[in-house]
Amino acid sequence: MTFAPSHFTAVLLFALFASTVFGITQRNEPRAMMRYGAYCFVLFVGAVIVGSWLMFLIRR
Amino acid sequence: MATTPPAKAATTSKKIEKASEAKSPLFSTALFVGWLIPGAGHLLSRRWVRGGLLFAAIGLMFILGLLMQGKLYTPNPSDPLVFLGFIGDLGSGLLYMGGRLFGAGQTPVQVVTADYGTKFIVVAGLLNVIAAVDAHNIKIGRKS
């Protein structure tokens, strides 16, 4: 059995798992954990989208 | 002589540091168990939801990495990058040992996602180390 996601799916999965661990380990209260996890997720995915557009524009 | 508030705060901070050092043993069960099984260190402190979420996140990341045909590094001190990859993989504890035992992560690269898989496995190990240290901090009272 194999799993072959697209690059973007792999990014979403990576961001989801890493954000979950960061949220739990870097904050004390459940509410703050969820907020920090969501913040990390948005930063991960946002950085990839911005980086992708930059590379697309440089290539053109 | 009356103690001023900043001096009081400094004294309290020193007391907390001393208490934390006194409670911090050389061998920590939460750290060790948390390293062996992702999230298990949190279960020792009865943080059921946190432990379950950490187990799911780290375990899924490791398993998806293997399914993407990612590589499990073997110790090879002559190649520093491979050795660093091995250190990262080793952070997954029993997941890594089980993977090696069953011969997973040793197939030659056939798909482009294999490189993502290798990174997933290494990062799962590194995240597990962070989770185990967090479990240790909860156990000794440094974190709630």
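Helix α1 of chain A and helix α4 of chain B run roughly antiparallel to each other, a label given to angles over 145 degrees. In this predicted model, local features need pLDDT of at least 70 and side-chain atom pairs count only at pLDDT 80 or more, while totals for chains, interfaces and linings use all residues. Residues are numbered from 1 along each chain as its sequence is written, and chains are lettered from A in the order in which they are written.

The axes of α1(A) (residues 7-26) and α4(B) (residues 48-67) come within 10 Å and cross at roughly 150°; axes are lines fitted to C-alpha atoms over the stretch in contact, and angles run from 0 to 180 degrees between N-to-C directions. Helices are DSSP runs (H or I) of at least four residues, numbered from the N terminus. The contact, for which C-beta atoms placed from the backbone must lie within 7 Å, includes A:L13, A:F17 and A:I24 of α1(A) and B:L53, B:L54 and B:L64 of α4(B).

Elsewhere in chain B, B:Y96 lies in helix α6 (residues 94-101). B:Y96 is buried, with 23 other C-beta atoms within 10 Å; a residue counts as buried if 20 or more such atoms, placed from the backbone, lie within 10 Å of its own. Leaving aside neighbours within four places in sequence, B:Y96 is in contact with B:L72, B:D89, B:L90 and B:G125. B:Y96 and B:L54 are 42 residues apart in sequence and 16 Å apart in space, C-alpha to C-alpha.

In chain A, buried residues make up 22% of the 60 residues. The C-alpha atoms of chain A fill a box of roughly 45 × 35 × 10 Å along the principal axes.

Note on methods
Helix = DSSP H or I, 4+ residues; strand = E, 2+ residues; numbered from the N terminus. Buried ≥ 20, exposed ≤ 12 C-beta atoms within 10 Å, placed from the backbone. Contact = placed C-beta atoms within 7 Å. Parallel < 35°, antiparallel > 145°, perpendicular 65-115°, else oblique.
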